[in-house]
Amino acid sequence: MSSFDTERNLGSYYTRQGVSVLGPRQAIDVGSLLTGGPLYLGAGPGLTFFHRWRQQER
């Protein structure tokens, strides 16, 4: 996971690399998949949050 100053506008670059980009005040629920209960990770005011979810191979 990483973040950058939204003034740099690198979201389109990361999207082309297969990374999901969340803008300020957006979040993703990772807890329901991991623990069965909601747990949100995301970007705070003025930040951008990147994530790439890879499912484990069985």
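Relative accessible area is classed as buried when under 20%, exposed when over 50%, and partly exposed in between, with a 1.4 Å probe and protein chains only. At 16% relative accessibility, His51 is therefore buried. The model is predicted, and local features need pLDDT of at least 70, side-chain atom pairs count only at pLDDT 80 or more, and totals for chains, interfaces and linings use all residues. Residues are numbered from 1 along each chain as its sequence is written, and side-chain values use heavy atoms, with hydrogens and water left out.

His51 is placed in strand E5; strands (E, at least two residues) and helices (H or I, at least four) are DSSP runs, numbered from the N terminus. With neighbours within four places in sequence set aside, His51 is in contact (heavy atoms within 4.5 Å) with Val19, Ser20, Leu22 and Ile28.

The loop between strand E4 (40–42) and strand E5 (47–51) contains Gly44. Gly44 has a relative accessible area of 22% and so counts as partly exposed. Apart from neighbours within four places in sequence, Gly44 contacts Pro24 and Arg25. A C-alpha separation of 7.8 Å is found between Gly44 and Gln26, which are 18 residues apart along the chain.

Arg25, one of the residues in contact with Gly44, lies in the loop that joins strand E2 (20–22) and strand E3 (27–29). Its relative accessibility of 68% makes Arg25 exposed. The phi of Arg25 is positive, at about 70 degrees, although Arg25 is not a glycine. Most residues other than glycine have a negative phi.
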